[in-house]
Amino acid sequence: MDADDFPTPEESVDTIAPDELRRRIEDGESVTILDARASGDFEEWHIEGEAVEIENVPYFEFLDDVDEDLLETVPAGDPLVVLCAKGGASEYVAGTLAAEGRDVVHLEDGMNGWASIYESVEVEGYDGPGTVLQYQRPSSGCLGYMVYGDDEAAVIDPLQAFTDRYLDDAAELGVELTYAFDTHIHADHVSGVRALDDEGVTGVIPEAAVDRGVTYADQLETAADGDTFAVGDVTIETLYTPGHTTGMTSYLVGESFLATGDGLFVESVARPDLEEGDDGAPDAARQLYETLQERVLELPDDVIVGGGHTSDAAEPAADGSYTAPLGDLREEMDALTYDESAFVETVLEDMPPRPANYEDIIATNLGQRETDEDEAFTLELGPNNCAASQGSMTGD
């Protein structure tokens, strides 16, 4: 049922902007939500938070007479936030509840609006030349980075849906966006590297990823292990770090910050089954173990690690970024101290469900499948699920 097809609600209700809802949740305010989507959509993906109370009552329950039994399933809020996929159903449900005397608002643009939130924070622990910003997409946990120094900038792991955002941010900072880097062929979001390359930014993909069947490799630059790129006064060095995928590549920024893509997160390590499936996962996990031990953990303890994703199990640093010194991860993440056998067993035993639509997203990022911006946005809705564990590996 499209948003325009819902009856006019009996009473008009106010909206709450996605950014405002995000702020309240981040500030630890009590938030009560009625999610009016179908139960399957709710179970796959919904808003969570330490002080969030959420109930799922599908919108179609409100299309007939609203009786006391139904009202008893609806929690009270101050106000109650009603949401759906795009905003139409939630406006109707909220209006119906308002007519029953409930204090209620509905989320502007629904979960699509929630998925449009894209924030940036400065990584204050970085002490190299220039500045590093971390982009955060709370709906999916996707993280990206902008590095700038002097009059130039680069983005790492950009999202196609936010192509204009990177260009606008660079313009606001008074720098020219010169490079867009991908760490690997992503399985959870549509890469923005090609879209930015079309806008005059030099797109860069890992050389090691080309053999997976990338159709557009000759149109972009490739980054091989040890290659360096100058972004103003900042040097970005390529570090080949396979495991999550065969082409997984990290970027060492100013010798002080490591953008690890989906290799190492602040709460976990990468899952190894998104390229070759279950059959190839053990070999990929062994490759990840070798990468972490012989490449990543050989770096100095004070190098700041920033992954390509975060999960609800992660704790932000004091600056609000999902980053941590490598030495802290070495001490806090037991899996980094295991021998190969124990590491592989740990990585394989608790993997979450694979990201929604991951096969179509991979095909899109390989250039084997065409998709427009609206379909790309829809494909990547939901959690990324790129970590090996469903909980944190760094503590209780």
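Reader: Which residue is the bridge partner of isoleucine 205 in β12?

Author: This is a predicted model, in which local features need pLDDT of at least 70 and side-chain atom pairs count only at pLDDT 80 or more, while totals for chains, interfaces and linings use all residues. Residues are numbered from 1 along each chain as its sequence is written, and side-chain values use heavy atoms, with hydrogens and water left out.

The bridge partner of isoleucine 205 in β12 is threonine 222, and valine 204 stands opposite glutamate 221 in that strand. Strands here are DSSP runs of E with at least two residues, and helices are runs of H or I with at least four, numbered from the N terminus; two strands pair if DSSP finds at least two bridges between them. Strand β11 (residues 202-206) and strand β12 (residues 221-223) pair in the parallel sense over three bridges.

Strand β10 (residues 176-181) also runs parallel to β11, joined to β11 by three bridges, and tyrosine 179 has threonine 202 of β11 as its bridge partner. Together with helix α7 (residues 193-198), β10 and β11 make a right-handed β-α-β unit, where right-handed means that, with the strands pointing away from the viewer, the path from the first strand over the helix to the second runs clockwise.

Seven strands form an open sheet of mixed pairing, in the order β6-β7-β8-β9-β10-β11-β12, and its edge strands, β6 (119-122) and β12, each pair on one side only. Because four of its five residues are buried, β11 is largely enclosed by the rest of the structure, buried meaning under 20% relative accessible area (1.4 Å probe, protein chains only).

Key:
Buried means under 20% relative accessible area, exposed over 50%, partly exposed in between (1.4 Å probe, protein chains only).
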